[in-house]
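User: Hi! Could you walk me through the ligand site in this one?

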Amino acid sequence: MKQRLLFLGPPGAGKGTQAAQLAASHGLLHLSTGDLLRAEVAAGSALGQEAEAVMARGELVSDQLVLAIVRSRLLSHQGGWLLDGFPRNLAQAEALDQLLDELEQRIELVVLMQLDDELLLQRLLGRGRQDDTEAVIRHRLEVYRQQTAPLIAHYRQQQLLQSVEAAGGIAEITGRIEALLA
Ligand code: ADP
């Protein structure tokens, strides 16, 4: 089974939900940069204080900051992992490639979760997180389109990319992803 995975897709596509589920059922480390950053904000750490305003605006926190987080987690972990919300731009993807070279590991599969904008907006508005107001959501979708979507071509070129339709029930979507892991 593939056990070094990366989840890609717009905010609201359900990456976090599916990643948590699959990581638990397959014993993988679930590495969500969004969750880790929110934990830093909640703890009031220096890192959290730096990230808070940027996240509230729906922009990306600095590459250096998220890279430091990902690096320390991957260095201290043995076994499989599932990256969720990282990389989010080409610079992060290149830094990840370099880090994985160092660790003599490689990505085995990139799962692209796809969903219509209309459904994305509905889901995010229903979630009610602090950065889930309509204006901020629209901005996050724009940031996704401009900075993150280019990663689709990057991983397609490496022949790692598989797409999954992210509309439907949670278990149904988990089943679609499971089918790609075998
Ligand atoms: P969503 O999937 O709904 O966009 P996340 O929890 O993945 O939510 O991310 C929330 C916010 O955290 C982002 O809008 C961004 O400000 C910050 N963030 C998360 N991951 C990264 C990353 N890899 N690089 C830069 N900023 C990030």
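User: Which polar backbone atom is 3.0 Å from a nitrogen atom of the ligand?
Analyst: That one belongs to Gly85. Keep in mind that this is a predicted model.

User: Thanks! What about side chains, say Thr33 and Arg88?
Analyst: Thr33 places a polar side-chain atom 2.7 Å from a nitrogen atom of the ligand. For Arg88, a polar side-chain atom is 2.8 Å from an oxygen atom of the ligand.

User: And how much of the ligand's area does the protein bury?
Analyst: The protein buries 96% of the 550 Å² that the ligand exposes when taken alone.

User: How many residues surround the ligand?
Analyst: There are 18, and the closest are Thr33, Arg38, Glu59, Arg88 and Gln92. By class, the shell has 7 nonpolar, 4 polar and 7 charged residues. Helix α2, residues 33-43, gives the most to this shell, with 4 residues.

User: How about the second largest pocket, what lines it?
Analyst: The second largest pocket holds about 170 Å³ of space. Among its lining residues are Arg38, Glu52, Arg129 and Asp131. α3 provides the largest share, 3 residues. The lining divides into 3 nonpolar, 1 polar and 4 charged residues.

Methods
Residues numbered from 1 in each chain as written. Predicted model: local features only at pLDDT ≥ 70, side-chain atom pairs only at ≥ 80, totals over all residues. Heavy atoms only, no water. Near = heavy atom within 4 Å. Polar contact = N/O pair within 3.5 Å; in protein donor to acceptor, adjacent residues only side chain to side chain. Areas by Shrake-Rupley, 256 points an atom, 1.4 Å probe, with all protein chains shown as cover. Helix = DSSP H or I, 4+ residues; strand = E, 2+ residues; numbered from the N terminus. Nonpolar A, V, L, I, M, F, W, Y, C, P; charged D, E, K, R; others polar. 1 Å grid on protein atoms, 1.4 Å probe; cavity = no way out; pocket = protein on both sides within 12 Å on 5 of 7 lines; lining within 4 Å. Points joined across faces, edges and corners; volume = space filled by probe spheres on them.
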